[in-house]
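Here is a short tour of a two-chain model, written to be read with the viewer open. Please load the structure and follow along.

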Amino acid sequence: CKEAFLEQPAVGSLSEDVLATEAGVNGLLLGAYGALDGSAIGFDPWVTTPMNWIFGDVAGADAHKGAVGGDQSSINGVANFSIDASNGILNAKWTAGYEGITRTNDVLKVLEQVPEGQIDGATAQRVSAEARFLRAHYYFELRKIFGNIPWIDEQTTELRQPNQEAVWPKIEEDFRYAFDNLPALQTQLGRVNKWAAAAYLGKTYLYQSKYLEAKAIFDQVITEGHTADGQPYGLVDEFYKVFYAEWKNHRESVFAVQMAVNDGTNDITNANNGNMLNFPFYSPFRCCGFYQPTQDLVNSFKTDATTGLPELTNYNQNPVKNDMRIAADAPFTPYTGPLDPRLDWTVGRRGVPYLDWGHHPGVAWLRDQAYGGPYNSKKNIYWQATQEQYADQSSWAPGTANNVMIIRFADVLLMAAEAEAEAGSLEKAQSYVNLIRARAANPSGWLHAYADAKNPLDGFSNTPAANYRIGEYPAGTFAGWGKARAKAAIHFERRIELAMEGHRFFDLVRWGDAEQTLNDFFAYESAITTDISDGHFQSNKNEYFPIPQIQIDRSIDASGNATLIQNPGYN
Amino acid sequence: QEQITVRGTVTDSLSGEPLTGVSVTQKGTNNGAATDAQGKFAIQLDRPDAVLLFSSIGYKVAEYPVGSTAELQVSLEFDALGLEQVVVVGYGTKQKKDLMGSVAVVDVAAMQKQPASSITNQLQGRAAGVTVIGSGRPGEEPQVRIRGFNTFGNNAPLYVVDGVPLQSIASLNPNDVASMQVLKDAGAASIYGSRAANGVIIVTTKSGGSRISVSYDGYYGSERPKKGNVWDLLSPTEMAELKWMADPSKRSADPQYGNGATPRLPDYISPAGRMEGEVDHSLYNVDPRYTDPESLNGFYRIVKANQAGTNWYEEIFRPAPITSHNVSVSGGGDRSTFLFSLNHFDQQGTLINTYVKRQTLRANSQFKIGDRVRVGENMAVSISNQMGGGGNAIMMAFRQQPIIPVRDIMGNYAGSFGSDLGNALNPVAIQERTKNNRNKGNRLLGSMHLEADILSNFTFRTQFGGELYAGYSHQFGYPEYENSANENTVNSYSEQSSYGYNWTWTNTLRYEATIADIHQLTAVAGVESYKNEGRNLSGSTQGYFSFDPDFTTLSTGSGTQTNASSRWADALFSTFARVDYNLMQRYLVGATIRRDGSSRFLNYQYGWFPAASAAWRISEEPFWDIAWMSDFKLRGSYGVMGNQMNVAPDNAFTTFTGNRYASFYDINGSGNGIEMGFQRGRVGNPDAKWERNINANIGFDAVFFGGKLDVTADYYRKDVVDLLYNPQLPGTAGTATSPFVNIAQMTNQGIDLAVNTSLPIGDQVKFNGQLTFTTYRNEIVKVSDDAQYFEQDSRRFSGAYIVRNGVGTSIGQFYGYQIDGFWNTQEEITAANAGAPGGTYQAGMGLGRFRYADRNNDGLVNASDRTFLGNPSPDFSYGLNLAVEYRQFDFSMFLFGVSGNDVWNQLKWWHDFYPTFGGAKSRTALHDSWTPTRHQATAPIQEVNATFSTSQVPNSYYVENGSYLRAKNAQLGYTLPDRACSRLGIRNLRLYVAGTNLFTITGYSGTDPEIPGGNTSFGIDEGIYPAQRQYLLGLTFTY
């Protein structure tokens, strides 16, 4: 009696052995997917989002942190590379990554414990391949941000692992396993398939400069690849349909984090929570005015009036006109020079339709124009006409059903172009780039002026919203330019096609261009806004962010030594 | 056997007045009686040679042999020394002179002069070794700590009310309390074993006497908030000047202040920056009760600038009444006593819509059944309505810009909507929108007991008691429209309910004997079981057609319905014993032992908690002849106390959970539905066991000058080993809750001192003084095998922490960069960089920004140069109660102070740096900040960017000395002379006026230096609810 009196089982939770069934393992696998959005795991979702607007775009000079100086000021350290190891956003990103890894390891561990005959071989294989895909993704995220990271897998018992061993081979191995073992078709759209693994494997090769391997696998993805529901990979006809929830899980979506609104939680933790700060301020979106595109980015969308090709160098000369220091009620005519039509699906700028919300009003929607510049982001916004379906207003900032695309097919083509160029096939590289440009040139995918400017919900006219000019590279251009300039053109195309999608900083580092590009940017942009006046990128240091100090402190082993070693330049 | 009846009268030896309620017992038995209103008693004795003991609180015990006297005349001597005062200790009582452990006996009557909703509020400064920190928030339970820290988790003491252990006594009616003792050391508290480590506070409620008595206690008062610019904020004109100074780029085109060399205050802030005549009032369109979030887009707000400036503090704080009525009826006879009381307490907070209202009903009664059996019960029911909250409103009041008025031109709320007005919310709106919210609690607290005398020296007692409680709350979330960032645009409603109970069943057998007149032996042995269970249930929905509180239920919304529940349960099973031996009233030794089993542990469920104590009353020795020191006792104890409170009930288990927010996923790509997924919730530790708090205490009790002065002093040391702590696992473990393991260590030492004096001055003046003095020194000896610290409280530093609990330091210390002045010249910066490896001395350097100290002299400033910046624990705290009686008048004053503690003033972050959100700024920012011509400044340069070298990381700028001395209470009373009373037919009547928090002497710049906080992170001020000045009028009478 006495013994039973003190027996108190855990309430409201499950034990490992209860989960050692097919359904249990599948639940754990869904939990491993559930960590993809970095949300609701104890840290600021805007830091942990796989969309990486902070570590990819703010660090990569495509975007200002935005808002006002003191709001989320720890991001300033990313914007101007003054970050120190005690900055909490580092620990957030680090821990969120390992939370994802832990969940994938739990899938693999419990899968081993499922009794013989309780799960069929094909299912077990699929589950382990999905888990290893996700694990490799989480490691990829950490690898590109922190550089030197410890490897923990389902066999690891000592959690204090050193961070000086190469993890690329292990990431590669996981993606290779996933590619070899995943089905090509999945019954559920959100599951990764064989081709997503192939594309990510190619990306992994590219990050290691293994161009031949990358080329080979991208070839396969481009020719054979298809989505989980069997749509052959391809570019969506209209550029803007790539981004918004209305059209998501399209043929271009290779690996996307699924987002859901109004899902019964009365919260936006599954609704693109990581972008919650990134809406215009003083606006119907309420909050919070972060993630403002830079003038430098906007200028890169200028095109040649006749060829419709970008200015690869000196694009900051004769900049795109902006409305800095022009009062909301003072007249303003937007820039009339030739522009790549993708600009106005990437950047919200004054006088141009902001989806169906009306013309962007300039300073009236900005929290501090002098600080963060005159622009707002656009790819992450929802449409007014469909907000009931695709937006969620149950939190202090909006949520959306826009997926976060980790890899989309345009990205695959541009990565393949890089691999081809590096491997010497400039013609093929150019053809990939031209596929991208041809899609952008489709006029039905351009932004058009409103049919009635007073009633933006009435739809659009047939008049393009600005002076759009875009053309393909004429045959033989890349070959004529040679490898170096061809690569520059591919890189430039990558910037404007994938702008504000969280890639830029990692690309710059990968290309070895970060120091030059970013310090040029600081020199140019700091004359326009006040936020990055003390920005400076230091090579051989700022390519990677510091290992969180708190993690170094917690990695001290029995002999009193830290098993984690700080990245160069941060000690 | 022949029964004889002895009668008699008991009187006061000085006045000759009859004494009522004196306990009369036959020595060596439990046979007893009590005196009636005329001081008369009658007792049946079974032997003619019996000896009778007469005892009454405040009087020395008297022994009378019965002999042949038929009518005993007994006079009791007033016990100036209080040595024979009966003190309730664990599972029994003792006389004060027999105490060996450290027990603080609280002067309940003096304590009750403090008007408060609970006795824990009144306890501040009244008992040496007890630290109480509260705030002005009505109904908020203050933090009570006995002798510093014992654990990283909950440090709250165990309360034992009429023998029933409880975690909180918030619902107890302060007027019902008869006595209160604080058991501080192992010698006194160890008998409570596993729950003793944080100290034990024993409360006994009143019971009836022999005569019928009706008494009333009541007061009415008013709390008066501070007035004026309490946060030292800038006026609208000065705000504009600051903007022009910090952000010259605004001078060319500012949305509010125009353009030009000097800013111009607008007449309207919405539409931004307009002057009179430029606004078309007919465009105004705001529907404050909109139900479609999309209609927000069509609103046209017109808000006039408050050019004189809104004082947001004065807008949300206003004078507030406090009322208490207490009626009690008591009485009894030979065989039974009863007490019945009713209390109505109503305190409005000075912050709008904060209050606590409580009704308490109590019935205590005791019966004798035959000569050997006694039964009794104590029962109290309380019903409370409480709205505490308001922290957000206070924070918004110090953030909201003064140019914003409370309301717009049509009387709807005004806010930060407009341009460049920051993103704070309207604090008046926040509080007014809570007016239909309710938070109710009902609690039944009580126990029943039966006591039986077995044989001649044994008493068996069984007691069953506990509490049964239920809580209910509901809130409505109004849509906002007035802010720059409206956080709620969808109206919502939520309800929560909880219910729970806990019970304790205690069975003890007590033995008492006096052998050969010089050996006194008492022993108690018992078993106790405890069970605690409860549940929470909550739900919410959105989209109400009407906001009428009569309409809103969980069923009448139109949005998604959510529900949630949780439950908890735990149990303890214990056996315990105590033996005390007293030789010749001089040499005392005692021992206790307890074995506790807890459901929170799996592999090591049981723990043993022994303690021993001894005392030597040197003054009883024949050689003692110090006339001015009539009593002197040395005491010492050593023992082990336990703790298990901070371990989650499921700590032993590794668990997985499904969580809609964190582990569910839209695997179908539907865009609006999520599928169940699991994540690891907790890493289990089946090997967790009891924390052991090894406690040594040495002290003395001394009485001087025939009772005019007495001193109790104790020195203690506590070594907490096997301290349960959940070390932060490396990030590679993910985010599952890490288990508590017995890994940390901590020590505490300190001195408690209590001095009482009672001095007649002449014939008519009586002076009473009580001083309590408390110190504690805490040191963390070990955190875990690898971690040297754990951090807490990031506030607005985005993951860089203010508080570090580190090995070798005291709990809760502030941590960060030490400021070493400003960068005054470019040359200083260049020189510092030149000497720095890598070429950068410090991130974000710039003229007028902080220069941080390079603590490790490696030529640059980085994370390893952070240091401890301050300690929120005081060097000492003290309470001083002074009371004077002159004829019918009495005056008392209670002072309380702490000294040597630091406060982290987080308001400075909001006020003294221009870029920390566009909210209200301080006069320091404008008038005392660094400029190229003002190097002798307090704040750094005002500029647009927040940097590592200014407001982005915790540094020494925020640390202030938090010492203060406060007049907690002063009271002037008048008691009606006896003759007047008898003419009115009453026994006693007293009228008084009182003031609380009359003055505070402090160097701290915030609104109140008394700042509550958590267990391992406290003393951080980010807009506390200040304790305000209060005036009261009170009346007490007995019939």
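## A salt bridge in chain A

Let's start with Glu172(A) and Lys210(A), whose side chains meet in a salt bridge with N and O 2.8 Å apart; the term stands for a side-chain nitrogen of Lys or Arg within 4 Å of a carboxyl oxygen of Asp or Glu. Glu172(A) belongs to helix α9 (residues 168-181) of chain A and Lys210(A) to the loop between α10 (194-207) and α11 (211-224), so the pair ties together parts 38 residues apart in sequence. Helices (H or I, at least four residues) and strands (E, at least two) are DSSP runs, numbered from the N terminus. Glu172(A) is buried at a relative accessible area of 15%, while Lys210(A) is partly exposed at 26%. Buried means under 20% relative accessible area, exposed over 50%, and partly exposed in between (1.4 Å probe, protein chains only).

This is a predicted model, in which local features need pLDDT of at least 70, side-chain atom pairs count only at pLDDT 80 or more, and totals for chains, interfaces and linings use all residues. Residues are numbered from 1 along each chain as its sequence is written, chains are lettered from A and ligands numbered from 1 in the order in which they are written, and side-chain values use heavy atoms, leaving out hydrogens and water.

## More charged pairs

Over all chains, the structure holds 89 salt bridges. In one of them, Asp62(A) and Arg495(A) come to 2.9 Å, N to O. Asp62(A) sits in the loop between α5 (53-58) and β1 (63-66) of chain A and Arg495(A) in helix α19 (residues 483-497), so this pair links parts that are 433 residues apart in sequence. Asp62(A) is buried, with a relative accessible area of 1%, and Arg495(A) is buried at 4%.

In chain B, Glu621(B) and Arg586(B) form a salt bridge at 3.3 Å, N to O. Glu621(B) is in the loop between β30 (606-617) and β31 (629-643) and Arg586(B) in the loop between β28 and β29, so the pair ties together parts 35 residues apart in sequence. Glu621(B) is buried at 8%, and Arg586(B) counts as buried at 16%. Back in chain A, salt bridges that share partners join residues into one network, among them Glu252(A), Arg342(A), Arg439(A) and Glu501(A).

## Where the chains meet

How many residues does each chain bring to the contact? Chain B gives 103 and chain A 108, with contact meaning heavy atoms within 4.5 Å. The two chains bury about 8400 Å² between them, 53% of it on carbon and sulfur atoms; buried area is the accessible area (1.4 Å probe) that two parts lose on being put together, summed over both. Phe656(B), Tyr665(B) and Thr732(B) supply 9% of the area that chain B buries against chain A, more than any other three residues.

The interface has 4 salt bridges. Arg274(B) pairs with Asp329(A) in a salt bridge, their closest N and O atoms being 3.9 Å apart.

## A covered helix in chain B

Helix α6 (residues 391-399) of chain B is mostly covered, with 7 of its 9 residues buried. Among the buried residues of α6(B) are Ile394(B), Met395(B), Phe398(B) and Arg399(B). What covers them includes α5 (312-316), α7 (427-432) and α9 (907-911) of chain B.
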